[in-house]
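Student: I have a structure to look at, and I would like to learn how to read it. Could you take me through some features?

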Amino acid sequence: VAHQETHGFQTEVKQLLNLMIHSLYSNKEIFLRELVSNAADAADKLRFNALENDSLYENDGDLCVKLSVDKEAGTLTITDNGIGMTRDDVIENLGTIAKSGTKDFFSKLSGDSAKDSQLIGQFGVGFYSAFIVADKVVVRTRAAGESADRGVEWTSEGEGEFTVADIEKAERGTEITLYLREDEKEFADDWRLRSIISKYSDHISIPVRMYKEPIAESEGPDGEKIPAQPGEWETVNKATALWTRDKSEISDEEYKEFYKHVSHDYSDPMTWAHNKVEGKTEYTSLLYIPSKAPFDMWNRDQSHGLKLYVQRVFIMDDAEQFMPTYLRFVKGLLDSNDLPLNVSREILQDNKVTQSLRTGCTKRVLQMLERMAKNDAEKYQLFWNEFGNVLKEGPAEDFSNKEKIAGLLRFASTHNDSDEQSVSLADYISRMKEGQDKIYFVTADSYKAARNSPHLEIFTKKGIEVLLMGERIDEWLMQHLNEFDGKQLQSIARGDLDLGDLEDEESKKAQEEAEKQVEGVLERAKSALGEKVLDVKFTHRLTDSPACIVADNNGMTTQMMKLMEAAGQ
Ligand code: ADP
Ligand code: MG
């Protein structure tokens, strides 16, 4: 072997390998799903690159994955004729973890293998899962378009290091050989492999093939001749792109497995929506809501968006143009018949088709959430706990869907004693007092601070519900959400609080009386505070506290001021 080098794995890879072998053992067959999923991605990438350069096919356009076993040697080999990898690709892809959120992930590990295996599920496992069942892995690969002598061999026993060397490889693509551990020889069994493929990889759009041994001519029970059958490569999966199939023919299990393939997530999705749209614009969308927020949801450069196909040809990952930012947790794909095959990110940027696809996909997701909220409140609560704070960015970003988004919001409230955000604006309205025409809320640094706000006193006394907002994003949200269902949203910490019809004549008179009795107090307070305040006024909102700070009706609330300060304004 030429130009052989030994490299150490990135520290995180070592940790991941260790963790995986110990915590995913009970679900070890998923390694095959991961390797087949990578092979299918490699086929997608080749097809895409070949749109511009047909010669990359090297006269072999029959893209597929082949599984072969050598029982004697105890090996399983997964071969694809996809895009392949160069030496640099190999070192980068099979020696490090490039994923965003990696740092977060490793900082969350506890050492408790039950908890960690949950986390690893969220993080995704990928190529390294091969080491769950193998104590040695050899990858032989050659990138499409390179000459046969530009092949690379990667070898590792999954401990601290791997070696790479230059090799001759006539066929384009990647061949991965697993040297199965002593007690994992079951994965060299033909039937076992077929059943794993049909369970996890049926939806893969390229054929997964296994070799069927030739059968010699034989005699049936009545002496009739059964002809010999030649050996052949047999396709063992459905091999049609799942989203092109009819909804009614796709099982939930298939949808779930497909999600794992497109999202590189390891856990089941929470829900999904599959739609074919025909007419002026034609497209298919398959959109999933994950069950867990990714580690990097709050990272601004996090990759998000849909996988884009044009007429069933893979075009790009993470096409963020089709989802507004407040729905960045949505995973899935879009297959358009209207976009050109040579579409680029730049072309997508301002394109009429992009606009209408984005509108369509946004509508689907909001509908899916509405349906979940209506039919399965418990599940919706789980969704809200994971992604609610992202959805709160919606009213500011998406004016046209403001009312819909507002209907999906959930808040903590004085209606109950829980800090869980579970009250919808519609719930609130249904409990409004006679004569009440506004939705009252208070924002603060935390749920606790909101709960203890002195502004609440008069409301508690009158038995009026107030929404309690203690998240950073809430202030931003409420700047952009002024009404819902024709009812104005009113901060109870702002300006003169006019309780309107909720105030009775008698108490108004009593208040005037009371104010007369303490004449002079206002003047003294004003001169003591000077420029620090705009005004000092009497209030009847308080029942226990002597005084409170109120924002001017047109000005910023104290919460917003704090936010601006924190942002260095
Ligand atoms: P992911 O698929 O989520 O990117 P993996 O750990 O499964 O992560 O794979 C890491 C990377 O290695 C892939 O992104 C790809 O670039 C490369 N890779 C893995 N398997 C193949 C393959 N069969 N052909 C080409 N590239 C591959
Ligand atoms: Mg993968």
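Predicted model: local features only at pLDDT ≥ 70, side-chain atom pairs only at ≥ 80, totals over all residues.

Student: What does the UniProt record say about residues 27–184?

Tutor: An unreviewed UniProt entry annotates residues 27–184 as "domain: Histidine kinase/HSP90-like ATPase". In the model, that span is 32% helix and 27% strand, and its end C-alpha atoms lie 13 Å apart.

Student: Now a helix. How far does H8 reach from its first C-alpha to its last?

Tutor: For a helix, compare its reach with the expected value. Helix H8, residues 252–263, has 12 residues and reaches 16 Å, close to the 16 Å expected at 1.5 Å a residue. Its buried residues are Tyr255, Glu257, Phe258, Tyr259, Lys260, His261 and Val262.

Student: What covers the buried residues of H8?

Tutor: The cover includes helices H2 and H7, along with strands S12, S13, S14 and S16.

Student: Which residues touch the most other members of the largest nonpolar core?

Tutor: This core has 68 residues, and those with the most contacts to other members are Val330, Leu334, Phe441, Val442, Val466, Leu467 and Leu468. Another core, of 58 residues, lies apart from it, with Leu16, Phe31, Ala39 and Phe187 among its members.

Student: My last topic is phi. Where is glutamate 58 found, and what is its phi?

Tutor: Start with the general idea: most residues other than glycine have a negative phi. Glutamate 58 is not a glycine, yet its phi is positive, about 50 degrees. Glutamate 58 sits in the loop between H2 and strand S2.

Student: Why does glutamate 58 count as partly exposed?

Tutor: Glutamate 58 counts as partly exposed because it has 14 C-beta neighbours inside 10 Å; a buried residue would need 20 or more, and an exposed one 12 or fewer.

Student: Which strand holds aspartate 318?

Tutor: Aspartate 318 is in strand S15, residues 313–319. Its phi is also positive, near 55 degrees. Aspartate 318 is partly exposed, with 13 other C-beta atoms within 10 Å.

Note on methods
Residues numbered from 1 in each chain as written. Chains lettered and ligands numbered in written order. UniProt positions renumbered as here; feature names shortened; annotations may be inferred. Helix = DSSP H or I, 4+ residues; strand = E, 2+ residues; numbered from the N terminus. Expected span 1.5 Å × (residues − 1). Contact = placed C-beta atoms within 7 Å. Core = buried A, V, L, I, M, F, W, Y, C linked by C-beta atoms within 7 Å.
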